[in-house]
Amino acid sequence: MPQTPLMLELQITMEYLGMATHLVFLANLMKETLYSDTYCKGTGSLVADIVDGSLDNHQISGIAGVANIGNERNWCGHPFGQANWYAFGRLGWDHTLTPDAIAEEWIRRTFSNNPQFIGPVQSFMVQ
């Protein structure tokens, strides 16, 4: 569909991943999806290049996220659920970011700048 600007839809909600009762950091899955090769113009035709419009020189492109907002205090049901919204936004803005970098940014902005806290939390988020 080289003449048609395309959008990608990603799942931010965790309804199929433990219903917000488990820590599931979706940045790895989102990144893997964006960097999947479609081979539509040979090797290196990444989903990210379709989504950002660069593969077919489209000026209009987009990415959408499906999220179930609840009535919990933090809208997500799980304290780490918001990390997936953050990862979606950051990868939508810059798909070259790594899940490690996104996790570290989110931890610093949400909890602490203390390296003794960041290291272990980041580790269990991205593994």
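1. In this note, two residues are in contact when they have heavy atoms within 4.5 Å of each other. The word "pack" below rests on that definition. The model under discussion is predicted.

2. Overall architecture. The protein contains five helices and two strands, and their order along the sequence is β-α-α-β-α-α-α. Its C-alpha atoms fill a box of roughly 45 × 30 × 20 Å along the principal axes. Of the 127 residues, 35% are buried. The protein exposes about 7700 Å², of which carbon and sulfur atoms supply 55%. Among contacts with a separation of 6 or more, 56% join residues 24 or more positions apart.

3. The two strands. Strand 1 and strand 2 pair in the parallel sense, over five bridges. Within this pairing, Gln11 stands opposite Val66 in strand 2.

4. Helix 1. Which residues of helix 1 are buried? They are Ala27, Met30, Lys31 and Leu34. Viewed down the helix axis, these buried residues fall within an arc of 95°, so they line one face of helix 1. Their packing partners are strand 1, helix 2, strand 2, helix 3 and helix 4.

5. In soluble globular proteins, nonpolar side chains tend to be buried together. Here the largest nonpolar core has 25 residues, and Phe25, Met30 and Met125 are those with the most contacts inside it. At least two residues of this core come from each of strand 1, helix 1, helix 2, helix 3, helix 4 and helix 5. Met30 is also one of the buried residues of helix 1.

6. The surroundings of Phe25. Setting aside neighbours within four places in sequence, Phe25 is in contact with Ala83, Asn84, Ala87, Pro99, Ile102, Ala103, Met125 and Val126. Met125, one of these partners, is itself among the residues with the most contacts inside the core.

7. Aromatic pairs. The protein has five aromatic pairs. In one of them, the ring centres of Phe80 and Trp106 are 5.4 Å apart and the planes lie at 50°, so the pair is tilted. This pair links distant parts of the chain, 26 residues apart: Phe80 lies in the loop between strand 2 and helix 3, and Trp106 lies in helix 4. Phe80 counts as buried because its relative accessibility is 15%, and the cut-off for burial is under 20%. Trp106, at 4% relative accessibility, also counts as buried.

8. Phe80 and Phe124 form an edge-to-face pair, with 6.0 Å from centre to centre and 70° between the planes. Here too the pair links distant parts of the chain: Phe124 belongs to helix 5 and lies 44 residues from Phe80. Is Phe124 buried, partly exposed or exposed? With a relative accessible area of 42%, Phe124 is partly exposed.

9. The aromatic cluster. Phe80, Trp106 and Phe124 belong to one aromatic cluster, which also includes Phe111 and Phe117.

How values were computed
Residues are numbered from 1 along each chain as its sequence is written. This is a predicted model: local features need pLDDT of at least 70, side-chain atom pairs count only at pLDDT 80 or more; totals for chains, interfaces and linings use all residues. Side-chain values use heavy atoms; hydrogens and water are left out. A nonpolar core is a set of buried Ala, Val, Leu, Ile, Met, Phe, Trp, Tyr and Cys residues joined through side-chain atoms within 4.5 Å. Buried means under 20% relative accessible area, exposed over 50%, partly exposed in between (1.4 Å probe, protein chains only). Helices (H or I, at least four residues) and strands (E, at least two) are DSSP runs, numbered from the N terminus. The arc is that of the directions from the helix axis to the C-beta atoms. Rings of Phe, Tyr and Trp (its six-membered ring) pair if their centres lie within 6.5 Å; planes under 30 degrees apart count as stacked, over 60 as edge-to-face and the rest as tilted. Accessible areas come from the Shrake-Rupley method with a 1.4 Å probe; for residues, only the protein chains shown count as cover. Two strands pair if DSSP finds at least two bridges between them.
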